[in-house]
Amino acid sequence: MNVVTIPKKLIQKGDLLVVEKRNFERLTQENAELRMAIRAILAGEVALRRGKTRSFRAFLENKFPQYA
C-alpha cells in the first residue's frame, strides 16, 4: 500500500481531490477544447454584430453551389 502525506498547509483552502492521472489529462484536454470553442463562438458573435459575416445562403452558394 502506498501512503502519501499531504501537509495541512496545502489543503487549508478547501477540499482535496485525488484523481487518476489519465482522467485528469482527459479532463484537462476537454477543458482546453471547450475554451477554444467558446472563444470561436464569441468571435463569431462579435463579427456578426459588426456585420462582417455572410448569410448562410451566400456561404452555400460559395462553398456548395449544388445545394444553393
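Predicted model: local features only at pLDDT ≥ 70, side-chain atom pairs only at ≥ 80, totals over all residues.
Modeller: Local features here need pLDDT of at least 70, side-chain atom pairs count only at pLDDT 80 or more, and totals for chains, interfaces and linings use all residues. Residues are numbered from 1 along each chain as its sequence is written, and side-chain values use heavy atoms, with hydrogens and water left out.

Biologist: What makes the contact of arginine 26 with glutamate 30 a salt bridge?

Modeller: A salt bridge requires a side-chain nitrogen of Lys or Arg within 4 Å of a carboxyl oxygen of Asp or Glu, and because the N to O distance for arginine 26 and glutamate 30 is 3.1 Å, the pair qualifies. The rule gives a count of 4 salt bridges, including this one.

Biologist: How do you know that arginine 26 and glutamate 30 are separated by about one helical turn?

Modeller: They stand 4 residues apart in helix α1, residues 21-49, where a helix is a DSSP run of H or I with at least four residues, numbered from the N terminus.

Biologist: Why is arginine 49 called exposed?

Modeller: Its relative accessible area is 65%, so arginine 49 is exposed, while glutamate 45, at 38%, counts as partly exposed.

How values were computed: Helix = DSSP H or I, 4+ residues; strand = E, 2+ residues; numbered from the N terminus. Buried < 20%, exposed > 50% of the residue type's maximum accessible area, 1.4 Å probe, protein only.
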